[in-house]
Amino acid sequence: MASRASPLAKAQVIEIKNELEIFFPDVEFDITFVETAGDKDMSQSLRHLEKTDFFTKELDELILSKTCCVAIHSAKDLPSPM
């Protein structure tokens, strides 16, 4: 599992991991926390930013490279349209 390293994202992915462990007790869920371009670039105003992969690109790349199987995103971070 991969997720952004923000406090909210961490709380969300841990909650999801806990739920998954109930249904799949024999599966080990490792979490990778990633700083995205959106986390690193504090100069960019989010007010004027289009809905892009600013907060998801690095996580999507982990999926595409098969480094992880699942990325957990907040809907607010997803590019639009989905």
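Modeller: Gladly! I22, F23, F24 and V27 form a nonpolar surface patch of about 430 Å². To belong to a patch, a residue needs over 30% relative accessible area and no salt bridge; nonpolar side chains (Val, Leu, Ile, Met, Phe, Trp, Tyr) are then joined within 5 Å, and like charges within 9 Å. The areas are computed by the Shrake-Rupley method with a 1.4 Å probe, and for residues only the protein chains shown count as cover.

Two words on the background. This is a predicted model, in which local features need pLDDT of at least 70 and side-chain atom pairs count only at pLDDT 80 or more, while totals for chains, interfaces and linings use all residues. Residues are numbered from 1 along each chain as its sequence is written, and side-chain values use heavy atoms, leaving out hydrogens and water.

Back to the patch. One of its members, F23, sits in helix α1. With a relative accessible area of 62%, F23 is exposed; that word stands for over 50%, buried for under 20%, and partly exposed for what lies in between (1.4 Å probe, protein chains only). Helix α1 covers residues 7-23. Helices here are DSSP runs of H or I with at least four residues, strands are runs of E with at least two, and both are numbered from the N terminus. For the protein, the mean is 78, and 65% of the residues reach 70 or more.

The structure holds one salt bridge. E21 is partly exposed at 30%, whereas K17, at 19% relative accessibility, counts as buried. Beyond its neighbours within four places in sequence, K17 is in contact (heavy atoms within 4.5 Å) with M1, F29 and I31.

Also in helix α1 is A9, buried with a relative accessible area of 9%. Apart from residues within four places in sequence, A9 contacts S3 and R4. A9 and I72 are 63 residues apart along the chain, yet 7.9 Å separates their C-alpha atoms.

In soluble globular proteins, nonpolar side chains tend to be buried together. The largest nonpolar core in this model has five residues: A2, V34, L59, L62 and C68. Such a core is a set of buried Ala, Val, Leu, Ile, Met, Phe, Trp, Tyr and Cys residues joined through side-chain atoms within 4.5 Å. A2 belongs to strand β1 (residues 2-4) and is buried, with a relative accessible area of 0%. Leaving out residues up to four places away in sequence, A2 touches T32, L59, L62, C68, V70, A71 and I72. A2 and L62 are 60 residues apart along the chain, with their C-alpha atoms 7.9 Å apart. L62 in turn touches A2, V34, T67 and C68, again not counting residues up to four places away.

V70, which A2 touches, lies in the loop between α3 (57-64) and β3 (71-72). V70 is partly exposed, at 39% relative accessible area. The loop between α3 and β3 also holds K66, which is exposed at 73%. Most residues other than glycine have a negative phi. K66, although not a glycine, has a positive phi of about 65°.

Finally, step back to the whole. The protein has three helices and three strands, running β-α-β-α-α-β from the N terminus on. Of its 82 residues, 28% count as buried. The protein exposes about 5900 Å², and carbon and sulfur atoms supply 57% of that area.

Notes. A salt bridge is a side-chain nitrogen of Lys or Arg within 4 Å of a carboxyl oxygen of Asp or Glu. pLDDT is the predictor's confidence in each residue, from 0 to 100.
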